[in-house]
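Please look over the model shown here. A short report on its chains and on selected residues follows.

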Amino acid sequence: MRPARRLIFALVCLAALDPFVPVMQRRVERHRYEDALAFRFEGSDLFALGPLVAYLRDQPRGERPRTVFLGNSVMFGYGLDAAEAIPGRFQQLHPDTQVFNAAINGFEMGSSYLVSKAIVDAVDRFYVMRGTAAANPLLASLIPVEEADVRAFHLQSPNPVEARLQSMAEIWHLYASTYRLQAAIFGTSTRQYIHGRADAVRRAIAPDGPQPAIGAHAPADGAIAVTRWRSATIPTDERRSELRRQDQVLWQFAELVSAHRKRAVILQFGGAVTGVSSETELADFNAAFAPFVEVVGLTIPPAFKYDSRHLTAEGARLVAEALRP
Amino acid sequence: MILTLRFIVLFVLCGICFFSVPRAWRPLTLAFWGAVFYAMFAGAFLAIVLALTVLTYFAGRRVVAWTTGALVVGLLYYFKVRAAVFDIGAGAPSSATILIPLGFSYLSFELLHVVIERRRGRIPVPSFPDLLAFVFFAPARVAGPIKRYPDFTGAVHGAEWSMDNLYAGTIRVMVGLAKKLFIADVLALTVAERPDVRSAAHAWVVLLAFTFQIYFDFSAYTDVAIGFSRMLGITLPENFRRPYLAPNIREFWNRWHITLSMWVRDYVFLPAGRGLFRTRLRALPTVIAAISYVVTFLVVGAWHGITAAFLLWGLYHGVLLAAYHAMRAKMPPSIAAHPLYRSRAADACGVAVTFLLVAIGWVPFMTSWDGASRLLALLFGAGR
């Protein structure tokens, strides 16, 4: 009966450990999310986003005011260390706030809006990169998303039976907390953590493969131009409807933030933009949502990018400085 | 799919029923819960699978056997072509299930095995519940292994509840989970660097990552299937036996996806060889073997997907096996008997060469046709 004894021993150990899991989870999450100086998930990990959102929803008040950065790899700081990315630089400039770099490679405005909607009560200020209205189809499996949004953004709907079973299984704390524990302990999902360590060994042996691009840390001359569109007049209802029609997701995001009396800066990194795009439209948009939401234009000289899009460390520092509230 | 809570709940219910009902009802119990599982994950195709099962049951008659065989092969071809049109490769099983009935590649080979063996007289008239259990057995439905009807039926009827089985099955499932989550999924992150590959060294890293990812991923599913079956006291055939330590390509195919290798050996390679022996090629056994290998592995490639990349992969392995066979057949006895040829050093060299050839063979598997050309060029220092 040795197998029986082993199985029973394993079950007893799990049962004995289970009451301590919530306490352990609170400790590691607080350490990970509240004490970090330049928080971001390693490897721009989509799957670690769920635990961060769950934590913020569980703990709507932090020790410091919270600022969340949302966007794609430019905001994440691809090729840069966490402290060198825009959110990391911003954290250094504003140590009185807790900055979360929640940007994920490929995230568009639709994804940022849905994430913002899930955490708006727990955040004081958002910095969001402007993009298309698309949302990552997996989001509904990772964060709470309303049924109407699942349909509107064409997300993959979680299986209702599976979701029901999962909620029933959450009586087992270790099962319920497994992703949150992984994210808090490793600062990313376990697979990203192992991959990151293995990658470090690989680079030590053979320094090859994708790595911070040449020039990512090189100093450069020039300045980042910041454009703030302002209008002295409040737009009429008709004008508001017109702007809303032009960019529904942008408008919904602004409505969400202003309805909760939070603050948001939407960053427009040059390039062609569809929807609300002319100077007059942007000025009217900002006037409609002042003082809660503002679209800010950033023109970044090529010298501050190491490829066609991604910022150098110097570029990220200058952008962070330009974002002073 | 077999790692979801839905499956686990179904499996527990199935296990309780399986050991609670009289022994004679066990196949029907497995069939019922298997059908529930199939309906839950691929409901739209349940009717097709049921219809094929009924046809297979009546495959003792020549006309029905030929009709069933043609239908199974035709459907397999249709679904593979449909998947190819939607550009579904080996790396996208979840999307593929939308277009291909759940585990249809495995199911089709299992049904063909029953049809052929019935015609050969090696399987007597099967009991319908046994056949349903064979078709719908949930743990092996998604990713094999490819079962054999007599072995499976014997295992079901002889299944006994024991703590040893539960323990061994649980451990096997956990080993599979660990392989999948901690090794295969981590390697997948390195494989995902493929579009950014710019140098030969990086291309080799990505290729090696894929070589191990596909092994750990596939063998993980086999471990989970075997583990769950073991909990029910049912032994499934093994599918992998340290394939990357094979000293030659023939041995590799005796260790890699063993149940598929055995299937194509029995139903493609040997019949093809026998057929060729009845032709003028009779005097050229090496040529017969070479043609049989190539034909067999073209079938293996097509079984994975009817795309140029999979067919190329099949052809590559067919040619390798044919070349190995010819080398062995034409090797002078003095070399074959030489102590160096039989030494451990020679074995080690054989393992290294076989591994390298197999790894290069994975290139078409991991990417599109264009991507494969680019990656091959980079691997051998000819591209950027």
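## A loop histidine in chain A

His154(A) sits in the loop between helix 8 (147-152) and helix 9 (160-169) of chain A. Helices (H or I, at least four residues) and strands (E, at least two) are DSSP runs, numbered from the N terminus. The phi angle of His154(A) is near 55°, a positive value in a residue other than glycine. His154(A) counts as exposed because its relative accessibility is 66%. Buried means under 20% relative accessible area, exposed over 50%, and partly exposed in between (1.4 Å probe, protein chains only).

## Basis of the values

This is a predicted model, in which local features need pLDDT of at least 70, side-chain atom pairs count only at pLDDT 80 or more, and totals for chains, interfaces and linings use all residues. Residues are numbered from 1 along each chain as its sequence is written, chains are lettered from A and ligands numbered from 1 in the order in which they are written, and side-chain values use heavy atoms, with hydrogens and water left out.

## Chain A overall

Chain A has 15 helices and seven strands. Its C-alpha trace spans about 80 × 50 × 35 Å along the principal axes.

Of the 325 residues of chain A, 47% are buried. In chain A, 77% of the contacts with a separation of 6 or more are made by residues 24 or more positions apart. Contact means heavy atoms within 4.5 Å. The accessible surface of chain A is about 15800 Å², and carbon and sulfur atoms hold 57% of that area. Accessible areas come from the Shrake-Rupley method with a 1.4 Å probe; for residues, only the protein chains shown count as cover.

Chain A carries 36 positive and 34 negative charges, and their mean positions are 6 Å apart. Lys and Arg count as positive and Asp and Glu as negative; His and the chain ends are not counted. The place of a charge is NZ of Lys, CZ of Arg, CG of Asp or CD of Glu.

## Chain B overall

Chain B has 18 helices and zero strands. Its C-alpha atoms fill a box of roughly 60 × 50 × 45 Å along the principal axes.

Buried residues make up 51% of the 384 in chain B. Among contacts in chain B between residues at least 6 apart in sequence, 70% join residues at least 24 apart. The accessible surface of chain B is about 17200 Å², with 69% belonging to carbon and sulfur atoms. The mean positions of its 35 positive and 17 negative charges are 9 Å apart.

## Backbone details

Ser44(A) also has a positive phi, near 50°, and is not a glycine. This serine lies in the loop between strand 1 (39-40) and helix 3 (49-58) of chain A. Ser44(A) is buried, because its relative accessibility is 8%.

The peptide bond from Ala290(A) to Pro291(A) is cis, with omega near 5°. Pro291(A) lies in the loop between helix 14 (279-289) and strand 7 (293-299) of chain A. In chain B, the bond from Gly144(B) to Pro145(B) is cis, with omega near 5°. Pro145(B) lies in the loop between helix 7 (128-136) and helix 8 (149-157) of chain B.

## Contacts between the chains

His195(A) belongs to helix 11 (residues 190-205) of chain A. At 10% relative accessibility, His195(A) is buried. Neighbours within four places in sequence aside, His195(A) contacts Val186(B), Leu189(B), Thr190(B) and Glu193(B).

Thr170(B) belongs to helix 9 (residues 163-191) of chain B. With a relative accessible area of 22%, Thr170(B) is partly exposed. Neighbours within four places in sequence aside, Thr170(B) contacts Leu7(A) and Met231(B). Thr170(B) and Val224(B) are 54 residues apart in sequence and 8.8 Å apart in space, C-alpha to C-alpha.

## Cysteines

The structure holds zero disulfides over all chains. A disulfide is a pair of cysteine sulfur atoms within 2.5 Å. Cys17(B) is in no disulfide; the nearest cysteine sulfur, that of Cys14(B), is 7.1 Å away. Cys17(B) is partly exposed, with a relative accessible area of 27%. Cys13(A) is partly exposed too, at 36% relative accessibility.
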